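Subject: Structure handover

Hello,

Please find the structure below, for you to take over. My notes on it follow.

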Amino acid sequence: NTLTCPWNTRHLSPGQYTIQARASDAMNNGALDSVTVTVGNSNPELRSSDIQLRAWLKKGVVSVEGRVIVTDETGEAVRSAIVQGRWTLPDGSSVVRHAYSNQRGQAKFSTSGERGTYTLEVLNITKTGYNFNSATGVLSASITK
């Protein structure tokens, strides 16, 4: 048999819910059973929705700042996520750094060196209760100074 829920599940937050049902006959003989259902994605997604780079030259040294914007699947900013990023420097070397996203979902990275092209690549984003979706985001950006 199929039981249709009388409430609208579109207004429930994503997560797991336990539904209990009781069936009884005219003599009040019955049974109680429950089932767990998942509404939406029980673990929301993390994604890098944008990478913003800026660079400036001062006394022959290039300084580069990168901001990785961390959002969930609805586009809302996610704070306190750990972003693992890798700078690729003009000489071809690379350095891996970690940064936390702030209340606006921005994780800030910086580096400096010689003139040339700098690339910031997002390697991973982690936060308890979330899953990183690398297929639906901006994963690298470059700037030349």
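To begin with a side chain: that of S101 reaches the backbone oxygen of V78 at 2.7 Å, a polar contact (a pair of N or O atoms within 3.5 Å; within protein, one must be able to donate a hydrogen and the other to accept it, and residues adjacent in sequence count only if both atoms are side-chain atoms). Please note that this is a predicted model, in which local features need pLDDT of at least 70 and side-chain atom pairs count only at pLDDT 80 or more, while totals for chains, interfaces and linings use all residues. Residues are numbered from 1 along each chain as its sequence is written, and side-chain values use heavy atoms, with hydrogens and water left out.

S101 is found in the loop between β6 (94–100) and β7 (106–113); strands here are DSSP runs of E, at least two residues, numbered from the N terminus. With a relative accessible area of 5%, S101 is buried (buried means under 20% relative accessible area, exposed over 50%, partly exposed in between, with a 1.4 Å probe and protein chains only). Leaving aside residues up to four places away in sequence, S101 touches V70, V78, R79, S80, A81, Q106 and A107, where contact means heavy atoms within 4.5 Å.

Sheets

β4 and β7 pair in the antiparallel sense over eight bridges; two strands pair if DSSP finds at least two bridges between them. Both belong to an open sheet of four strands in the order β7-β4-β3-β9, with mixed pairing. β7 and β9 (131–132) have a single partner strand each, so one side of each is left without a neighbour in the sheet.

Another open sheet of four strands has the order β6-β5-β8-β10, and its pairing is antiparallel. Its edge strands are β6 and β10 (140–144), each pairing on one side only. On average, neighbouring strands of this sheet are turned by 25 degrees against each other, direction ignored (axes are lines fitted to C-alpha atoms, and angles run from 0 to 180 degrees between N-to-C directions).

Within this sheet, β5 (residues 82–88) is joined to β6 by seven bridges, the two running antiparallel. W87 has V95 in β6 as its bridge partner. The hairpin of β5 and β6 has five residues between the strands, and G92 there takes a positive phi near 95 degrees. β8 (residues 117–126) and β10 also run antiparallel, joined by five bridges, and T117 is partnered by T144 of β10.

Most residues other than glycine have a negative phi. Which residues go against this? N28 is one of them, with a positive phi near 65 degrees. N28 lies in the loop between β1 and β2 (30–39) and, at 54% relative accessibility, counts as exposed. K59 has a positive phi near 55 degrees. K59 sits in the loop between β3 (45–58) and β4 (61–71), and is exposed, with a relative accessible area of 80%.

A21 lies in strand β1 (residues 15–24) and counts as partly exposed, at 33% relative accessibility. From C-alpha to C-alpha, A21 and V35 are 8.6 Å apart in space, and they are 14 residues apart in sequence.

Regards
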